[in-house]
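My plan is to begin with the whole chain and then go through a few places in turn.

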Amino acid sequence: MPFIAAAIGYLTKLVAIEMMFKPIEFVGRKPFGWQGVVPRRAARMAGIATDTMTNQLITPAEIFGRLDPRRVAKEIEQPLVAAIDDITREVAAATQPDLWEALPDRIKDLIVARVRRQAPQLVEKVMQQVQTDIDSVFDLKGMVVTNLVRDKALLNKIFREAGHQEFRFIARVGAPFGFAIGVIQTVAWAVFREPLLLPAFGLITGWATDWLALRMVFRPMYPRKFFGLFTWQGLFFKRRAEVARDYGDLIAKEIITPRRVVEAVLNGPLSDRLFALVQREVHRIIDSQVGLARPLLVVAVGGRRYQRMKALVTLRVMERLPEAMAHVEDYATDAMDIRNTLMTKMQQLSAKQFERLLRPAFEQDEWILIATGAVLGFAVGELQILIVEFLTR
């Protein structure tokens with residue numbers, strides 16, 4: 001009986017842990033079926049995880065403040081210059097084809113060269129303005145939540161990797177706890193010979209070991225001596241340095257990456273503000289290049305066509321920016337230093353704040369997981385009755 005109780009304690013923990021994360025999508029027919037607790041509450045889970053990340057650990061200003069606008073302009077100068085060449089010729093041919101075709105090649109090249117010289121200045125100026133008011137063009141929390149809700153497997157990965165040792169502990173501790181309860185069960189069976197004791201103890205084993213294991217992960221927050229014999233600290237807090245390292249690694253490699261940040265700035269909900277910023281700079285550069293000839297040019301091509309030309313340049317620049325910005329990823333990764341920033345900030349969190357990194361995964365529907373352990377323990381207890389009856393027949 002103690003060995004069967006140990007198996008109950010171990011197996012019910014494994015099942016409870018898997019039920020937290022699997023399946024990613026709902027399986028069954030409502031109201032009957034199951035979806036992992038974390039994926040089912042993806043929006044709320046992502047929001048909780050992101051609140052700690054963006055409010056306590058890192059801000060958009062920290063991310064962009066470490067980027068040198070001149071260095072960014074230099075890193076993307078080559079691909080951007082190539083794009084400017086194509087854009088200038090395309091826009092000129094599209095807005096005033098007859099005039100462009102009539103120009104000698106030497107004049108065409110001169111016009112392209114003048115615009116090309118302004119390209120790095122455009123990037124540097126836009127970067128400076130973005131850094132001045134980053135919150136107007138970049139929503140860090142929105143980016144993280146959107147990516148985690150869209151990719152539930154990644155959301156699972158955050159909680160699983162941050163607490164991988166805790167989940168392993170919960171499963172392993174179920175066996176000795178179950179064995180101890182099984183010893184009591186054996187004594188009770190020897191005294192009373194009541195078959196119903198077996199499923200009752202199975203239920204108790206499943207419930208108590210789940211509840212106790214969860215408590216031991218998070219309590220106490222600080223080392224505490226029990227019965228004057230041993231000292232215990234919640235495993236999650238005891239592993240604080242290791243958790244900070246793993247968490248920082250995962251966030252830096254999977255979530256707050258230069259590619260995701262650029263994508264969020266260029267295509268996110270605030271991208272229209274960036275477009276307006278780029279448009280203003282493009283118009284300024286075009287007007288400055290046209291200079292004194294602007295009135296004559298407006299007369300030659302028409303005011304409406306001149307404005308259309310500037311709008312078309314802006315549109316084409318925005319289309320080519322993602323490709324150009326890909327060349328800045330290596331520099332941005334080193335400059336932002338997301339991993340080390342997160343590790344350092346996590347060490348500065350209070351115990352309560354640190355707990356929020358993993359605790360939400362257990363809090364949601366925790367009673368269901370414990371109840372499931374109890375039900376599975378009860379079922380195995382019923383199986384024990386059949387085994388006992390078979391052996392004593």
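What percentage of the 393 residues of the protein chain count as buried? I looked it up and got 49%. A note to myself before going on: this is a predicted model.

**Overall picture.** I counted 23 helices and four strands in the protein chain. Then I checked contacts between residues at least 6 apart in sequence, and 79% of them join residues at least 24 apart.

**H1 against H11.** I picked helix H1 (residues 2-21) and helix H11 (residues 164-192) next. Two packed helices are described by the angle between their axes and the distance between the axes, so I looked up both. The axes of H1 and H11 come within 6 Å and cross at roughly 150°. That is over 145 degrees, so H1 counts as roughly antiparallel to H11. The crossing of H1 past H11 is right-handed. I also jotted down who meets whom: on the H1 side the residues include Ala 6, Gly 9, Tyr 10 and Lys 13, and on the H11 side they include Ile 170, Gly 174, Gly 178 and Gly 182.

**Gly 174.** Leaving out residues up to four places away in sequence, I found Gly 174 touching Ala 6, Gly 9, Tyr 10, Lys 13 and Thr 209. I also looked at Asp 210, which is 36 residues from Gly 174 along the chain, yet their C-alpha atoms are separated by 7.4 Å.

**Cores.** In soluble globular proteins, nonpolar side chains tend to be buried together. Here the largest nonpolar core has 89 residues, and Phe 138, Ile 256 and Leu 274 touch the most other members. I followed up Leu 274: not counting residues up to four places away in sequence, it touches Val 126, Val 130, Val 137, Val 265, Leu 266 and Met 318. There is also a second, separate core of five residues, among them Ala 188, Leu 197, Phe 201 and Ala 208.

I found Gln 233 in the loop between strand S4 (230-232) and helix H13 (235-238). Gln 233 is buried, at 17% relative accessible area. Where does the side chain of Gln 233 reach? It goes to the backbone oxygen of Met 221, at 2.9 Å. Beyond its neighbours within four places in sequence, Gln 233 has contacts that include Met 216, Pro 220, Tyr 222 and Lys 238. Pro 220 made me stop, as a cis peptide bond joins it to Arg 219, with omega about -5°. Pro 220 lies in the loop between helix H12 (197-218) and strand S3 (224-226).

**Another cis bond.** I noted a cis peptide bond between Lys 22 and Pro 23 too, with omega about -10°. Pro 23 is in the loop between H1 and strand S1 (27-29).

**Around H19.** Glu 329 belongs to helix H19 (residues 329-336). I saw its side chain make a polar contact with the side chain of Arg 259, at 2.9 Å. Asp 337 is in the loop between H19 and helix H20 (338-347). Asp 337 has a phi near 50°, a positive value in a residue other than glycine. With a relative accessible area of 31%, Asp 337 is partly exposed.

Technical notes
Residues are numbered from 1 along each chain as its sequence is written. This is a predicted model: local features need pLDDT of at least 70, side-chain atom pairs count only at pLDDT 80 or more; totals for chains, interfaces and linings use all residues. Side-chain values use heavy atoms; hydrogens and water are left out. Helices (H or I, at least four residues) and strands (E, at least two) are DSSP runs, numbered from the N terminus. Buried means under 20% relative accessible area, exposed over 50%, partly exposed in between (1.4 Å probe, protein chains only). A polar contact is a pair of N or O atoms within 3.5 Å; within protein, one must be able to donate a hydrogen and the other to accept it, and residues adjacent in sequence count only if both atoms are side-chain atoms. Contact means heavy atoms within 4.5 Å. A nonpolar core is a set of buried Ala, Val, Leu, Ile, Met, Phe, Trp, Tyr and Cys residues joined through side-chain atoms within 4.5 Å. Axes are lines fitted to C-alpha atoms, for helices over the stretch in contact, and angles run from 0 to 180 degrees between N-to-C directions. Angles under 35 degrees count as roughly parallel, over 145 as roughly antiparallel, 65 to 115 as roughly perpendicular and the rest as oblique. A crossing is left-handed if the near helix is turned anticlockwise from the far one by less than a right angle, and right-handed if clockwise.
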